[in-house]
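Visitor: Hi, could you walk me through this one? I'd like to go bit by bit.
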Amino acid sequence: MSATSRHDPVFAAVDLGATSGRVITGRVGPDELVLTETHRFANTPVQLPDGLHWDVLALYQGMLDGLRSAADSGPVASVGIDTWAVDYGLLDSDGSLLGLPFHYRDGRNTTAAEQVLARCDAQELYGVGGLQHLPFNTVFQLAAHRSTAQWPAARTLLLMPDLLVYWLTGSVGAEVTNASTTGLFDARTGCWSDALMERLGLERSLFPALREPGVPAGTLLPHVAGFTGLPLGTQVTTVASHDTASAVAAVPAVGPGFAYVSCGTWSLAGLELDAPVLSEESRAANFTNERGVDGTVRYLRNIMGMWLLEECRRTWERAGTSTGLAGLLAGAARARPFACVIDPDDPVFLAPGDMPSRIDAALIRTGQAPPDGPGGYVRCVLESLALAHRRTLREAAELAGRELTRIHLVGGGSRNELLCQWTADATGLPVTAGPAEATALGNVLLQARAHGMVGGLTDMRGLVARTQELRHYTPRGDPAAWDRAADQLAVGV
């Protein structure tokens, strides 16, 4: 079978994460799936007098620079954009952005949920949207935003990927996998919840028509085509614009019974279902029901993933005491097992800042001694994440009535061999690690499917399994030691 070449169509994936953005080109063939990073740029939030914001103009410029680089890779068939969820921009009646979008870690969200729950109780919210209660869910952010001078002028709300699509094409829409994270999307019907918007006093006209992954969103505006060097008619294709949804679409599962952990700044651990689980037990366990590709449901819980480790590293770097990641992981491997464990989802870990000190405080509060040196902190974080994966996946399987046979761990965390092995050990299930670039692969594959170059989810996942580097971990060690650590964590919580 012939290899892909410069003359084959190229799909440009814009993948924006919490710390950096990338433009990646992908070439797709019957047994080939090749990604090339053409441009990477920082995603650095800015603290202004009114709060923490995303520098969306810098992100937009980085995206344009990346698309200009992608134009040199071959004939670009289309562009697709994915980002994190929940954050948004407001447009006025002229289509102009009303201020920089707020960052989901901004402090304004700490009390906003109370305003929403005063109008609509938690059971009713969950019965419609099926979302995990997180203080930064879009529905809560909007409650905080309503007290600003921007609100009366707002005419359109666009989630982050939809805002960037609008700037590229002039076309307004709301992609469903990201819309499903707002708390204003009906998990049963797959539509905006008009009743919930009315209950909360939100204008229905703020929320654009929904788009499914795979539909055309528009073509590049003339000035965008001129700057990037891409042809004027270049299509922007709607992908699964919530990065986790794109990542799950690229999970290389070849049979039933799989769970996934999409591990980066956050660990998103869960199952793929055909219908939402909206029971009171599910709400009490704080599981979310978000849209996936082809009407599937991503039944999962957010876990505060590699953010914990990265914030530790930033703190040590500022103090001039950090070693490289390889050295930290080697130190973690040598550190005493189960010396201490934390609940990664403790709200004290959400904000940026001195993470080791907050870990110390959490350990002291639960009667544990803080680690001795960076390797001990890293071991504490990784073992705690493995335990959180175990707890979450076992609860998800029980609530959904599923039997699990394998875990697929994708995203940047799949490169962390300790985390992968300890997740296998903690859960007692085999772990397949990779691909690390699952989000970009899902983005590219959904564009390729829209252009008739690959079939449905089964075909997409089979292509990933055949073409990408995967590593396999089997459970080892003493299961009883993990049981004891899980009991210790439960007591601490």
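Guide: Happy to. Let's start with Glu437, which counts as partly exposed because its relative accessibility is 24%. Keep in mind that this is a predicted model.

Visitor: Which residue does Glu437 form a salt bridge with, and how far apart are the closest N and O atoms?
Guide: Its partner is Arg22, and the closest N and O atoms are 2.6 Å apart. Arg22 sits in strand E2 and Glu437 in the loop between strand E20 (431-433) and H16, so this pair ties together parts that are 415 residues apart in sequence.

Visitor: And is Arg22 buried or exposed?
Guide: Arg22 counts as buried, because its relative accessibility is 8%, and the cut-off for buried is under 20%.

Visitor: How many salt bridges does the structure hold?
Guide: There are 20 salt bridges. Another one pairs Arg449 with Asp294, with 2.8 Å between the closest N and O atoms. That pair also links distant parts of the chain: Arg449 belongs to helix H16, while Asp294 is in the loop between strand E17 (288-291) and strand E18 (297-303), 155 residues apart.

Visitor: How accessible is Asp294?
Guide: Asp294 counts as partly exposed, at 49% relative accessibility. Arg449 is partly exposed too, with a relative accessible area of 21%.

Visitor: Which way do E16 and E18 run, and how many bridges join them?
Guide: E16 and E18 run antiparallel, and seven bridges join them.

Visitor: How many residues of E18 are buried?
Guide: Seven of the seven, so E18 is largely enclosed by the rest of the structure. Val297, Tyr299, Arg301 and Ile303 point one way from the strand, whereas Arg298, Leu300 and Asn302 point the other way.

Visitor: Which residues do salt bridges that share partners join into one network?
Guide: Asp15, Arg22, Arg415 and Glu437.

Visitor: Changing topic: which residues of helix H17 are buried?
Guide: In H17 (residues 457-467), they are Leu457, Met460, Arg461, Gly462, Leu463 and Val464. What covers them includes strands E2 (20-29), E3 (32-42), E15 (258-263) and E16 (267-273), along with helices H9 (243-249) and H16 (438-450).

Visitor: Last one. Where does Thr315 lie, and is it buried or exposed?
Guide: Thr315 lies in helix H11 (residues 307-318) and counts as buried, at 12% relative accessibility. A polar atom of the Thr315 side chain lies 2.9 Å from the backbone oxygen of Glu311. Leaving aside residues up to four places away in sequence, Thr315 touches Gly353, Asp354, Met355 and Pro356.

How values were computed
Residues are numbered from 1 along each chain as its sequence is written. This is a predicted model: local features need pLDDT of at least 70, side-chain atom pairs count only at pLDDT 80 or more; totals for chains, interfaces and linings use all residues. Side-chain values use heavy atoms; hydrogens and water are left out. Buried means under 20% relative accessible area, exposed over 50%, partly exposed in between (1.4 Å probe, protein chains only). Helices (H or I, at least four residues) and strands (E, at least two) are DSSP runs, numbered from the N terminus. Contact means heavy atoms within 4.5 Å. A polar contact is a pair of N or O atoms within 3.5 Å; within protein, one must be able to donate a hydrogen and the other to accept it, and residues adjacent in sequence count only if both atoms are side-chain atoms. A salt bridge is a side-chain nitrogen of Lys or Arg within 4 Å of a carboxyl oxygen of Asp or Glu. Two strands pair if DSSP finds at least two bridges between them.
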